[in-house]
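Here are my notes on this model, point by point. Please read them with the structure open beside you.

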Amino acid sequence: MDIIISEGEMLTTTKRGKTVGVIYYRDLMGRPRKAITANCPKAWAKRQQQIRDMLVSGKSNASKISLEAVAAQALRDRSRMIGKRNGLREATFNNDERHLRRHILPFLGSKQMARLSVADVNLFIQDMRVREIAPKTQRAIIHTLSMVCKHAVNSGIMATNPCVKGDRENIKGVDGSRDGFHANEVREILRVVTRSYTKALIRVAAFTGLAANELQGLLWDCVDLKAGKIYVKRTGYRGALVDETKTPYRVRELPIDSTTMRILREWKLQAESDYFVFPSSTGVMGDQKHWTGLIQTVCKHADVTFKGIGGFRKFYHTQQLLAGVPENIRKYRMGHSKKSQTAMVHYTVTDLSLAHHPADIEKIVQAVST
């Protein structure tokens with residue numbers, strides 16, 4: 001980053017009407033600053049030189065700063081965006097902190113930030129491959145490293161980001177994605193499942209499209225068994241209830257079909273928890289690993305290939321598509337932006353009215369039941 005310092009100029013202060021000299025400049029983070037000095041060209045020149053020496057010294061010291069120190073700065077700046085509109089979720093910040101602590105800093109922490117190269121990043125990727133870290137996790141870790149590098153570029157410590165995909169080595173391997181369940185598979189699963197808890201869990205997953213972490217965060221006060229509505233407001237994250245969703249679009253109101261509503265009423269009468277809809281055996285938040293085991297067992301008895309809890313969410317979207325549900329309604333129910341972009345896009349009153357109505361969901365349930 002170039003060093004930019006203005007010429008001195010006069011400024012009349014609001015206190016006592018005193019006239020002083022002021023010099024404007026940008027610090028090494030690119031932020032505008034000003035320095036007050038005596039009101040004469042000689043004092044301006046002296047203060048300008050002091051500022052220049054300070055910035056040059058800072059750039060020199062910055063060239064020696066370690067990746068660990070820059071990462072700490074980046075996390076501090078990033079923490080200020082938690083909970084802000086178009087900002088950062090706390091879960092995302094925690095992921096970055098964990099990636100740095102467990103993976104990046106042990107391998108690259110002592111490296112001088114200014115000297116971090118594409119070769120260093122490639123060696124790090126190879127190390128993760130040797131440690132058999134899943135490709136999806138590798139990509140998330142490199143995304144965190146790239147965030148630190150962007151911070152260094154913006155601070156004038158580095159000229160370019162060595163994590164750019166076109167330059168560094170590509171991370172090989174698929175993310176283990178699965179197809180969604182088909183209608184005949186859901187029919188067989190529902191036919192063999194008998195336990196009220198599992199039946200309610202599967203039906204809600206299949207006919208509302210809730211993601212696994214949304215199922216974890218689902219509370220009874222978010223389920224209206226009279227109106228047939230589920231209000232998605234929270235998620236579960238690493239055993240803790242989070243009062244926010246993955247994105248603002250995930251806050252939504254979903255219709256419940258009549259059969260699922262009846263099964264939920266039956267389950268509520270049996271449930272020991274009046275807080276979580278699908279709690280663990282000890283009454284706390286439900287565990288995705290436990291659910292996976294339950295659904296794997298059911299799939300085995302139904303002679304259906306297990307496709308993960310997310311397979312029901314994909315089923316829900318596909319069945320809406322086959323039923324001719326308009327795209328904007330599908331996107332609302334799945335918790336996506338109307339235009340699938342980051343900017344806030346509001347749904348119309350008509351969109352919401354159609355999305356909240358259970359008519360097309362009833363048709364999907366009937367198609368699976370016959």
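**Notes on the model**

1. Asp 224 belongs to strand S4, residues 223–224, and S5 covers residues 229–232. The two strands pair in the antiparallel sense over 2 bridges. Strands here are DSSP runs of E with at least two residues, helices are runs of H or I with at least four, and both are numbered from the N terminus. Two strands pair if DSSP finds at least two bridges between them.

2. A word on the source. This is a predicted model, where local features need pLDDT of at least 70 and side-chain atom pairs count only at pLDDT 80 or more, while totals for chains, interfaces and linings use all residues. Residues are numbered from 1 along each chain as its sequence is written, and side-chain values use heavy atoms, with hydrogens and water left out.

3. How many residues lie between S4 and S5 in their hairpin? There are 4. Gly 228 sits in that turn, with a positive phi of about 75 degrees.

4. Now look at the other partner of S5. Strand S8, residues 252–255, pairs with S5 in the antiparallel sense over 4 bridges. Lys 229 stands opposite Pro 255 in S8. Together, 3 strands form an open sheet in the order S4-S5-S8, with antiparallel pairing. S4 and S8 are the edge strands, each pairing on one side only. Strands of a sheet pair through backbone hydrogen bonds, either parallel or antiparallel.

5. Turn to the helix pair. Helix H4 (residues 118–130) packs against helix H5 (residues 135–154) at an angle of about 150 degrees, with the axes 11 Å apart. That makes H4 roughly antiparallel to H5, a label for angles over 145 degrees. Axes are lines fitted to C-alpha atoms over the stretch in contact, and angles run from 0 to 180 degrees between N-to-C directions. The crossing of H4 and H5 is right-handed: the near helix is turned clockwise from the far one by less than a right angle.

6. Check two loop residues. Most residues other than glycine have a negative phi. Glu 132, in the loop between H4 and H5, has a positive phi of about 60 degrees although it is not a glycine. Asp 303, also not a glycine, has a positive phi of about 55 degrees. Asp 303 is in the loop between helix H10 (288–302) and H11. Is Glu 132 buried or exposed? Glu 132 is exposed, at 72% relative accessible area. Asp 303 counts as exposed, at 72%. The cut-offs are under 20% for buried, over 50% for exposed and in between for partly exposed (1.4 Å probe, protein chains only).

7. Helix H11, residues 310–322, has 13 residues. H11 reaches 19 Å from its first C-alpha to its last, close to the expected 18 Å; the expected span is 1.5 Å times one less than the number of residues. Its buried residues include Phe 312, Phe 315 and Tyr 316. Just after H11, Gly 324 takes a positive phi of about 80 degrees.

8. Gly 209 lies in the loop between helix H7 (196–208) and helix H8 (212–216). Gly 209 is buried, at 0% relative accessible area. Gly 335 is 126 residues from Gly 209 in sequence, yet 9.3 Å away in space, C-alpha to C-alpha.

9. Last, the cysteines. The structure holds 0 disulfides, that is, pairs of cysteine sulfur atoms within 2.5 Å. Cys 163 is in no disulfide, and the nearest cysteine sulfur, that of Cys 149, is 4.0 Å away. Cys 163 counts as buried, at 5% relative accessibility. Cys 40 is partly exposed, at 30%.

How values were computed: Parallel < 35°, antiparallel > 145°, perpendicular 65-115°, else oblique.
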